[in-house]
Amino acid sequence: MSYEHVREVDPEVADALVGEVERQRDTLAMIASENHVSEAVLEAQGSALTNKYAEGYPGERYYAGCEYADEVEQLAIDRAKELWGAEHVNVQPHSGTQANQGVYYAVLDPGDKILSLDLEHGGHLSHGHPANFTGQFYEVEQYEVDPDTGYIDYDELREQAEEFDPDIIVSGYSAYPREVDFGAIQEAAEAVDAYHLADIAHITGLVAAGVHESPVGVADFVTGSTHKTIRAGRGGIIMCDEEYADDVNAAVFPGGQGGPLMHNIAGKAVGFREALEPAFEAYAAQTVDNAKALADQFRERGLELVSGGTDNHLVLIDLRPSHPDTTGKEVEAALEEVGVVLNANTVPGETRSAFNPSGIRAGTPGLTTRGFDEAATREVADVIADVVDAPDDADVKAEAAARVDDLTDEYTLYE
């Protein structure tokens, strides 16, 4: 990836692009929402479709010259339907948040009620945080995980729904390490005559591969990101039954977005094609196995995990029991120095702030894409634990950096 054409026009940007490739090659991406797409997806996203305005939907565009845009978008739709078993799919949302926005706009009015998981307990900004449009346009109440177990208490959620009487209940999370019982949440929604939106942004790939329960056909609406565990073009997706198709489509365009990002939709189509291959199921299963190995090794090293482990692609470490004077931001910065890139994260019962929280979140999708198995993932866990134990020790960090260098050399990326 030399970016020779960019270099002719803009050497500074070319240097930054090359630097980013080298950064990804030389570090371990463990932010749970990040992954490495294939070079085929990169090519599709950098294609001439970036030039094309295609407002509307396949066969119903507001501009001429959309025959290839129609073909690409229809391929993305058809492949998504095959992957997730959905009746209707909209692949135009620019992100997972805008996919959620499309659902809210389709079925809610300003001031309607949303019941969702609190951000500190693993929820997402677009589920009702006051800094987000959802918290400003709608009345939001939030449920929490059980403080003792770290699990969602579905009976308690249902009781809260019956008291609050929401118009929509949101499931699917950004920092919840356990499998979600979408059926139980659907029952709670039906009990109060509410819609159920399942946001599978993090687990789109795990659901597609059958290594996590699917909400498709259970929840009224399913949204997701297309660049996380599914490894397709960056953006969002909405899935629903055919009865909601027209409302959802109108909410996305013209309701919330203008022209679709056709080059990103091309990346989605290519990534979905890759996900239909048998090798993808093996990747998804390995992602979960690696996360479990990561969790096991962290526990052996004396680190406290929210809920005690994981069922999916991420683990959440609460630093307070073992390292009460160490913050997530301190660990995040120290690990970045040695080449491990993850993020500080709030934990249930957070006693600090979202800007300097008490936990760290680590995911395995990027490692698994590079070819890591459980043994290699356990080695990464040891590197992380060593730095957590001594974030200011130069010798410890030097040794950790050397081990990361060995791993990135063994498990190469974009060669």
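Mentor: Gladly! Let's start with a rule for rings: those of Phe, Tyr and Trp (its six-membered ring) pair if their centres lie within 6.5 Å. In this predicted model, ring pairs link Tyr104, Tyr105, Phe133, Phe137 and Tyr138 into a cluster. The structure holds 15 aromatic pairs.

Trainee: What makes the pair of Tyr62 and Phe253 edge-to-face?

Mentor: Two values decide. The centres of Tyr62 and Phe253 are 5.7 Å apart, and the limit for a pair is 6.5 Å. The planes of the two rings make 70 degrees, and over 60 counts as edge-to-face. The pair also links distant parts of the chain, 191 residues apart: Tyr62 is in the loop between strand S3 (60-61) and H4, while Phe253 is in helix H10 (residues 245-256).

Trainee: Is Tyr62 buried or exposed, and how do you know?

Mentor: Exposed, because its relative accessibility is 63% and the label applies over 50%.

Trainee: And why does Phe253 get the label it has?

Mentor: Phe253 has 11% relative accessibility, so it counts as buried; the cut-off is under 20%.

Trainee: Why is the pair of Trp84 and Phe272 called edge-to-face?

Mentor: The ring centres are 5.4 Å apart and the planes stand at 90 degrees, so the pair is edge-to-face.

Trainee: Which residues touch the most other members of the largest nonpolar core?

Mentor: Trp84, Ile230, Met239 and Phe272 do, in a core of 58 residues. Elements that each supply at least two residues of this core include helix H7 (154-164), strand S10 (236-240) and helix H12 (278-300). H4 gives the largest share, 7 residues. Nonpolar side chains tend to be buried together in soluble globular proteins.

Trainee: How do you know what Phe272 is in contact with?

Mentor: Contact means heavy atoms within 4.5 Å. Leaving aside neighbours within four places in sequence, the contacts of Phe272 include Ala76, Leu83, Trp84, Ile230 and Ile237. Apart from this core lies another, of 32 residues, among them Met30, Leu342, Ala376 and Ala381.

Trainee: What makes Arg231 a charge over a ring?

Mentor: The charged end of Arg231 sits over the ring of Tyr283, 3.8 Å from its centre; the limit is 6 Å, and the charge must also be within 35 degrees of the ring normal. Lys113 is placed over the face of Phe164, at 5.0 Å from the ring centre.

Trainee: What sets a cavity apart from a pocket?

Mentor: In a cavity the probe fits but cannot get out, whereas a pocket is open. The structure holds 2 cavities of 30 Å³ or more. The largest cavity has a volume of about 80 Å³. Of its 14 lining residues, Tyr173, Tyr176, Val180, Ile203 and Asn312 lie nearest the centre.

Trainee: How much space is in the largest pocket, and which residues are closest to its centre?

Mentor: The largest pocket has about 770 Å³ of space. Its lining counts 26 residues, and Gln24, Val37, Leu42, Gln45 and Tyr414 are the closest to the centre. Helix H2 (11-26), strand S1 (28-29) and helix H3 (39-45) each supply at least two lining residues, and H2 gives the most, with 5.

Trainee: What is said of the backbone at Tyr3 and Asp193?

Mentor: Most residues other than glycine have a negative phi, and most peptide bonds are trans. Tyr3 is not a glycine, yet it has a positive phi of about 55 degrees. Asp193 also has a positive phi of about 55 degrees without being a glycine. Tyr3 is in the segment before helix H1 (4-9), and Asp193 in the loop between H8 and strand S8 (195-199).

Trainee: Why do Tyr3 and Asp193 get their accessibility labels?

Mentor: Tyr3 is at 28%, so it counts as partly exposed, and Asp193 is at 72%, so it counts as exposed.

Trainee: Which peptide bond is cis?

Mentor: The one from Phe253 to Pro254, with omega near 10 degrees. Pro254 is found in helix H10.

Technical notes: Residues are numbered from 1 along each chain as its sequence is written. Side-chain values use heavy atoms; hydrogens and water are left out. A nonpolar core is a set of buried Ala, Val, Leu, Ile, Met, Phe, Trp, Tyr and Cys residues joined through side-chain atoms within 4.5 Å. Buried means under 20% relative accessible area, exposed over 50%, partly exposed in between (1.4 Å probe, protein chains only). Helices (H or I, at least four residues) and strands (E, at least two) are DSSP runs, numbered from the N terminus. Rings of Phe, Tyr and Trp (its six-membered ring) pair if their centres lie within 6.5 Å; planes under 30 degrees apart count as stacked, over 60 as edge-to-face and the rest as tilted. On a 1 Å grid over the protein atoms alone, a cavity is a set of points where a 1.4 Å probe fits but cannot get out, and a pocket is an open set with protein on both sides within 12 Å along at least five of seven lines; lining residues have an atom within 4 Å of a point. Grid points are joined across faces, edges and corners, and a volume is the space filled by probe spheres set on the points.
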